[in-house]
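Please keep the sequence and the model at hand while reading.

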Amino acid sequence: MATEETPGGENRSRELPAEVRSVPAEPGEGAAPEQAEQQEKQQSEQASLSGRQRLMEGLWPPRVTRPQLIVALLLFVLGLGLAIQVRSNNDSSALRGARQEDLVRILDELDDRTQRLEGEKQRLEDQRTGLENSSDQAEEARKQTVEKERQLGILAGTVAAQGPGITLTIDDKKGSVEADMLLDAIQELRAAGAEAIQINDVRVVANTYLSDTDSGGVRVDGRKVGKPYRFKVIGKPQDLEPALNIPGGVVQTLEKEQATVTVTRAEKIVVDALRAAKRPDYARSSSQ
């Protein structure tokens, strides 16, 4: 509603148009402070929600390119190679700190084992050739059977044996030597080519077992052996003695337990402790 003056001096009101009558206010103008805060909070929540949605859309599903796959494969191969190298270094760390003369002795022992296996191979080949070329194959087969029986008797402990070898004496005054240490000595001697072993008066065979006693001693196949422990071993002395004296081997382990260890070579060792031959209850020969 507006007022205008007429020529006669009279005031007359006239009505304004609807679009002139009301003017919209600016956004937020005249609004309460609480409503403005709520609007800003809603806008910020919508903005953060849309940002998370955009991030998820960018990460999943993953878009992997071919160069990225190649780089990942190369990194995997590199890591695997490093792991193998570290493990190899750990395995050889025991020999890394050994002295030069110890390393030479270990190499000589490996060469001797190789030569011993080659000799055994040659002997078996000669036996086969003898059987194939002998005019009296039956007699030759009988001789080889007798020889084989004698060899198996030595291994089984049913017959006495003699030959070059060593004597290993372990004096355990502290009572710290246990069965597993003596078992390590037996295994090391067998690996070095021992053909017959006797501990005190007990013959060591394939099924020999060792155990500790309550009083601190050791039993071999259920029989208690007294101290000192005396090993009589038949084999090549040049192979047997170095096998016991390798760095970290049997001798050093026993000496750490304050045991006195003596290894003596001999041209003739007699192993005369015998084991009774047992007939198997169930096993039978499969040859016809």
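Asp180 has a relative accessible area of 42%. This predicted model therefore presents Asp180 as partly exposed, because that class lies between the limits of 20% for buried and 50% for exposed. Asp180 belongs to helix 7, which comprises residues 179-191. Together with Glu178, Asp184 and Asp212, Asp180 forms a negative surface patch. Membership of a patch requires a relative accessible area of over 30%, and the 42% of Asp180 may be read against that limit.

Is Asp172 buried or exposed? Its relative accessibility is 2%, so Asp172 is classed as buried, given that the term applies under 20%. The side chain of Asp172 takes part in contacts with the backbone. One of its polar atoms lies 3.0 Å from the backbone nitrogen of Ser176. For the backbone nitrogen of Val177, the distance to a polar atom of the Asp172 side chain is likewise given as 3.0 Å.

Arg123 is part of helix 5, which spans residues 100-133. With a relative accessibility of 26%, Arg123 is counted as partly exposed. Which residue does the side chain of Arg123 join in a polar contact of 2.5 Å? The partner is Glu120, and the contact is made between the two side chains.

Conventions
Residues numbered from 1 in each chain as written. Predicted model: local features only at pLDDT ≥ 70, side-chain atom pairs only at ≥ 80, totals over all residues. Heavy atoms only, no water. Patch = residues over 30% accessible without salt bridge, like charges linked within 9 Å, V, L, I, M, F, W, Y side chains within 5 Å. Areas by Shrake-Rupley, 256 points an atom, 1.4 Å probe, with all protein chains shown as cover. Salt bridge = Lys/Arg side-chain N within 4 Å of Asp/Glu carboxyl O. Lys, Arg positive; Asp, Glu negative; His and termini not counted. Charge placed at Lys NZ, Arg CZ, Asp CG, Glu CD. Helix = DSSP H or I, 4+ residues; strand = E, 2+ residues; numbered from the N terminus. Buried < 20%, exposed > 50% of the residue type's maximum accessible area, 1.4 Å probe, protein only. Polar contact = N/O pair within 3.5 Å; in protein donor to acceptor, adjacent residues only side chain to side chain.
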